[in-house]
Amino acid sequence: MSAAEAGSVFHRARGRTLDAFSTGSPWRKEQTQDLQHVLEKVDREIPLVLVSGNHDLGNIPTAETVEEYCRTWGDDYFSFWVGGVLFLVLNSQLLFDASACPALKQAQDRWLDQQLSIAGQRRCQHAIVFQHIPLFLRSIDEDDDYFNLTKAVRKEMADKLSKAGVKAVFSGHYHRNAGGTYQSLDMVVSSAIGCQLGTDTHGLRVVVVTAEKIVHRYYSLDELSEKGLEDDLVGLMKTG
């Protein structure tokens with residue numbers, strides 16, 4: 001879920017139903033403030049990682065929409081380390097359609113190549129990517145769609161990431177659970193905590209990273225409330 005989509009969820013909870021998709025929308029400022037107000041209540045010891053998406057930057061991003069996002073939420077792409085694991089956060093709107101800001105895409109491409117090179121040099125335990133738009137929904141060879149990247153782009157990206165040892169790409173955008181594998185790369189598409197477009201219920205994906213593997217499962221909010229996490233995941237958290 002992108003920052004703007006999350007903001008619209010909280011906005012709807014306050015009795016309004018409009019999603020300020022456009023950066024020029026009259027509801028944009030209020031939705032941003034709603035989300036910022038909620039995030040202020042999150043325990044400061046819990047790091048928050050925001051991934052930019054189409055509701056933040058537009059389906060066709062511009063230098064202006066990217067600048068506004070960065071001014072409000074921080075960098076649109078960046079990396080961070082947790083233990084021996086490298087996490088890469090990408091601006092997938094630049095991969096979807098950068099026709100209005102080609103220089104920004106070129107800058108991200110160069111940065112990504114540098115990061116993947118560092119990952120190899122430092123021999124990270126795992127490398128994991130977060131991006132809003134999935135590379136693909138089910139298969140690397142599926143048709144182009146609003147909810148995936150074009151065949152040419154997805155194949156180039158998947159080959160680059162797989163060759164560099166990236167284990168998984170986590171995405172949203174589809175508002176349904178989906179995913180598949182390509183070579184050694186796991187493409188994970190998670191449904192939404194808010195608006196659902198399929199049959200999945202409101203929920204979230206729990207990911208546990210250990211030295212040996214990456215385990216992830218989608219839970220509905222009711223499941224988490226009634227039963228909590230399964231014992232094997234809890235065990236992995238304690239030993240991982």
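The following legends describe close-up views of a predicted model.

**View 1. Packing of helix 2 against helix 4 in the predicted model.** Helix 2 spans residues 28-39, and helix 4 spans residues 63-73. The axes of the two helices come within 12 Å and cross at roughly 30°. That angle makes helix 2 roughly parallel to helix 4, because angles under 35 degrees count as roughly parallel. The crossing of helix 2 past helix 4 is right-handed. Helix 2 contributes Arg28, Thr32, Leu35, Gln36 and Leu39 to the contact, and helix 4 contributes Glu68, Thr72 and Trp73. By residue class, the contact of helix 2 with helix 4 comprises 3 nonpolar, 3 polar and 2 charged residues.

View 2. When neighbours within four places in sequence are left aside, Thr32 is in contact with Thr72 and Trp73. Thr72 and Trp73 belong to the helix 4 side of the contact between helix 2 and helix 4.

**View 3. The aromatic pair of Phe87 and Phe130.** A search of the whole structure finds 8 aromatic pairs. In the pair of Phe87 and Phe130, the ring centres are 5.9 Å apart and the ring planes stand at 15°, so the pair is stacked. Phe87 is located in strand 2 (residues 85-89) and Phe130 in strand 3 (residues 126-130), so the pair ties together parts that are 43 residues apart in sequence. Phe87 is buried, at 10% relative accessibility, whereas Phe130 is partly exposed, with a relative accessible area of 23%.

**View 4. The aromatic pair of Phe130 and Phe170.** Phe130, which is partly exposed, also pairs with Phe170. The ring centres of Phe130 and Phe170 lie 6.1 Å apart with the planes at 45°, so this pair is tilted. Because Phe130 lies in strand 3 and Phe170 in strand 4 (residues 166-171), the pair ties together parts that are 40 residues apart in sequence. Phe170 is buried, its relative accessible area being 9%. Phe130 and Phe170 are members of one aromatic cluster, which is formed by Phe78, Phe80, Phe87, Phe130 and Phe170.

**View 5. The position of Lys155 in helix 7.** Helix 7 covers residues 151-163 and includes Lys155. Lys155 is partly exposed, with a relative accessible area of 36%. Apart from neighbours within four places in sequence, Lys155 is in contact with Ile140 and Tyr182. Lys155 and Phe136 are separated by 19 residues in sequence, and their C-alpha atoms are 9.4 Å apart in space.

**View 6. Positive phi at Arg123.** Arg123 is not a glycine, yet its phi is positive, at about 50°. This residue occupies the loop between helix 6 (102-122) and strand 3. Arg123 counts as exposed, at 74% relative accessibility.

**View 7. Positive phi at His175.** The phi of His175 is near 60°, a positive value in a residue other than glycine. His175 is found in the loop between strand 4 and strand 5 (178-182). With a relative accessible area of 16%, His175 is buried.

Notes. Residues are numbered from 1 along each chain as its sequence is written. This is a predicted model: local features need pLDDT of at least 70, side-chain atom pairs count only at pLDDT 80 or more; totals for chains, interfaces and linings use all residues. Side-chain values use heavy atoms; hydrogens and water are left out. Helices (H or I, at least four residues) and strands (E, at least two) are DSSP runs, numbered from the N terminus. Contact means heavy atoms within 4.5 Å. Axes are lines fitted to C-alpha atoms, for helices over the stretch in contact, and angles run from 0 to 180 degrees between N-to-C directions. Angles under 35 degrees count as roughly parallel, over 145 as roughly antiparallel, 65 to 115 as roughly perpendicular and the rest as oblique. A crossing is left-handed if the near helix is turned anticlockwise from the far one by less than a right angle, and right-handed if clockwise. Ala, Val, Leu, Ile, Met, Phe, Trp, Tyr, Cys and Pro count as nonpolar, Asp, Glu, Lys and Arg as charged, and the others, Gly among them, as polar. Rings of Phe, Tyr and Trp (its six-membered ring) pair if their centres lie within 6.5 Å; planes under 30 degrees apart count as stacked, over 60 as edge-to-face and the rest as tilted. Buried means under 20% relative accessible area, exposed over 50%, partly exposed in between (1.4 Å probe, protein chains only).
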